[in-house]
Amino acid sequence: QEGEELVKSEQPMEKSGYPVDVAVSNDGEKFAVSFLYVNSGVMETKIGFYNFGSVGQNEIDNLVSAYSYESSVFPSIEYLNDTTAVAFGDTKVAIYEGNQRPELVKEIDIEDEIRSIYYSDSYFALVFDNSDSEAKYRMELYDLEGDRVLNLKFDQDYNDIVINDKEFIIVGETEFSIYKLTGLEKFHYSAQKTILNVIPEGALNRYVIIDSGSTQVINLKLN
């Protein structure tokens, strides 16, 4: 990691669009960019994938695949792992798969405004304001094939949601709740100081809690 310049492109914004967000793969060779531009008076987004390895050397500007979306804005795009990128838009979420030339796997239509986005290398979560009186928030959890595995309504205010392969943790200012991927709450913790982070350790039911005054480890004994 020596800071070598991989590419330099000087194209007018009218041609390439305005870059809204950029994601970089873990190996540093693949870039995903969300461009916003106006085409014949209609706002469009182009998702472009660039490969700076051997595969992309013979392509113009190293662009190996691209997808356009009319009347949609994609303010966020992320590489969730080495082969999967997800673009989060105002009307849909798009999942792309491919180690060298990413291809569209699935599009998920979004009807409500996304409040927050969280993800791991295996799942991603969309949080919405809940429209009924049952709870403040609604979270939809998806796997990387685009299948919804959970629809959870909850009241706890949150600053972060930590996701792994077996559970997720909703972290608030002075409390956190641990849920199984089925939506079953298995533990709730309240603190007197501001919680900065909750980190699941490798061992099952072992967590590191970092608050404004200390760091502690808890081990859950669950039946």
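Trainee: Which residues are linked in a network of salt bridges here?

Mentor: That would be Asp 112, Arg 138, Glu 140 and Arg 148. Keep in mind that we're looking at a predicted model.

Trainee: Noted. Within that group, how far apart are the closest N and O atoms of Arg 138 and Glu 140?

Mentor: They sit 2.5 Å apart, and the two side chains form a salt bridge.

Trainee: Are Arg 138 and Glu 140 buried or exposed?

Mentor: Both Arg 138 and Glu 140 are buried.

Trainee: And how many salt bridges does the count come to?

Mentor: The count is 13 salt bridges. Another one of them joins Asp 129 to Arg 115, where the closest N and O atoms are 3.0 Å apart.

Trainee: Where do Asp 129 and Arg 115 lie?

Mentor: Asp 129 is in strand β10, residues 123–129, while Arg 115 belongs to the loop between β8 (103–109) and β9 (116–119), so this pair ties together parts that are 14 residues apart in sequence.

Trainee: OK. Which residue does Lys 153 meet in a salt bridge?

Mentor: Glu 134, with an N to O distance of 3.6 Å. Lys 153 lies in strand β12 (residues 148–154) and Glu 134 in the loop between β10 and β11 (137–143), so the parts they tie together are 19 residues apart in sequence.

Trainee: What about accessibility for those two?

Mentor: Lys 153 counts as partly exposed at 34% relative accessibility, whereas Glu 134 counts as exposed at 57%.

Trainee: Switching to sheets. What's the strand order in the open sheet of three strands?

Mentor: The order is β17-β18-β19, and the pairing is antiparallel.

Trainee: Which strands stand at the edges?

Mentor: β17 (195–200) and β19 (215–219) do. Each has a single partner strand, so one side of each is left without a neighbour in the sheet.

Trainee: How much twist from one strand to the next?

Mentor: On average, 20°.

Trainee: And what holds strands of a sheet together as pairs?

Mentor: Strands of a sheet pair through backbone hydrogen bonds, in either a parallel or an antiparallel way.

Trainee: Then how many bridges do β18 and β19 pair over?

Mentor: Five, with strand β18 covering residues 206–211 and the pairing in the antiparallel sense.

Trainee: Which residue in β19 does Ile 210 stand opposite?

Mentor: Ile 210 faces Thr 215 there.

Technical notes. Residues are numbered from 1 along each chain as its sequence is written. This is a predicted model: local features need pLDDT of at least 70, side-chain atom pairs count only at pLDDT 80 or more; totals for chains, interfaces and linings use all residues. Side-chain values use heavy atoms; hydrogens and water are left out. A salt bridge is a side-chain nitrogen of Lys or Arg within 4 Å of a carboxyl oxygen of Asp or Glu. Helices (H or I, at least four residues) and strands (E, at least two) are DSSP runs, numbered from the N terminus. Buried means under 20% relative accessible area, exposed over 50%, partly exposed in between (1.4 Å probe, protein chains only). Two strands pair if DSSP finds at least two bridges between them. Axes are lines fitted to C-alpha atoms, for helices over the stretch in contact, and angles run from 0 to 180 degrees between N-to-C directions.
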